[in-house]
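Here is a structure to look at, followed by questions about how its features get their names.

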Amino acid sequence: MTRPCNDSFLRALLKEPCPHTPIWLMRQAGRYLPEYCETRRRAGSFLNLCKNPALACEVTLQPLARYPLDAAILFSDILTIPDAMGLGLYFTDGEGPRFERPLREEWAIRDLSAPDPWDHLRYVTDAVAEIRRALNGSVPLIGFAGSPYTLACYMVEGGASNDYRRIKRMLYERPDLLHRILTVTAQAVTAYLNAQIEAGAQAVMIFDSWGGSLSAAAYQEFSLAYMERIVAGLTKEKAGERIPSIVFTKGGGLWLEQIARIGSDAIGLDWTIDIGEARRRVGDRVALQGNLDPGVLFAPPETIAAEARRVLTSYGAGGTGHVFNLGHGISQFTPPESVAALVDAVHMMSRVKAGNDA
């Protein structure tokens, strides 16, 4: 495996010098792009789009055709694993993802098993391989999965939740059952990410979207501990090249020091914490990814540039170890031209900054 022509994203994750601060966006292939909406219409449904490697490749590449982004991220969904476990994933307009068979009975939890990613999730590994070929060494490809706790939230609640009533009742009333779900799911996520790496992913990210809904003690026991297991089990090197990992807990700013100790190469930050403060707290133990408020992209170009400068300036001298990103996924209502303004601003300002620092 050789590094891509533009390897600034990988360099930043490994805290190596970069010619500019690399940028990619969570949910960068999505409904804000008219070409994505057209491909999704042709696919017939979101799940059909995810499960068709050729179409998944097509939409993965669409934002890179528009913008000089520094990484591609596999187009898929975090709920592919519980779907492969037999829970019956489906999507309804206005409601988001739902499961036909959520985990409510003890026997179903005891019978849960980790799917073989090369069998039940082959459409994902095929998409990874196809995207890598299509990128042709231009930029790195990121693979990803949901965290065990975030997946468990959907698996127990049956879909998205405002109060997490069912899973928190299980957490406090039957923690043994929740630990069973998390153990199996951690095994599944580890195998899934390693399969993506084998298929061609050059970095991987764990999305802990709902870990921030937990108390401090519960986060350590039911979320962070399982992500630590996954990071320990990941393939760290392939064909002589390091495979970096990123952990992102939305709402996890209170626990940065603990997250930095689990062995990942980088921490993703949401917009609720100042990135300079985060850097001071974790030192040089990990790289940082983030953390512009996605709402900034509804502002005029000059405001977008000013807010991007604020993040870059807060990160501080050198810029080594910083991947610029949003603090969460891009909104479907974002004007495409706003993304162009952001990417251009980050590249221009970070190149000037790197020159001044030199």
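**Terms set against values**

Q: Which residues is Thr-150 in contact with, leaving aside its neighbours within four places in sequence?
A: Thr-150 is in contact with Ile-78, Phe-207, Asp-208, Ser-209, Trp-210 and Gly-211, where contact means heavy atoms within 4.5 Å. This is a predicted model, in which local features need pLDDT of at least 70 and side-chain atom pairs count only at pLDDT 80 or more, while totals for chains, interfaces and linings use all residues. Residues are numbered from 1 along each chain as its sequence is written, and side-chain values use heavy atoms, with hydrogens and water left out.

Q: Why is Thr-150 called buried?
A: Buried means under 20% relative accessible area, exposed over 50%, and partly exposed in between (1.4 Å probe, protein chains only). Thr-150 has 0% relative accessibility, so Thr-150 counts as buried.

Q: What makes Asp-83 buried?
A: The relative accessible area of Asp-83 is 17%, and therefore Asp-83 is buried. Asp-83 lies in helix α5 (residues 80–87); a helix is a DSSP run of H or I with at least four residues, a strand a run of E with at least two, numbered from the N terminus.

Q: What joins the side chains of Asp-83 and Lys-51?
A: A polar contact of 3.0 Å joins them. The term stands for a pair of N or O atoms within 3.5 Å; within protein, one must be able to donate a hydrogen and the other to accept it, and residues adjacent in sequence count only if both atoms are side-chain atoms.
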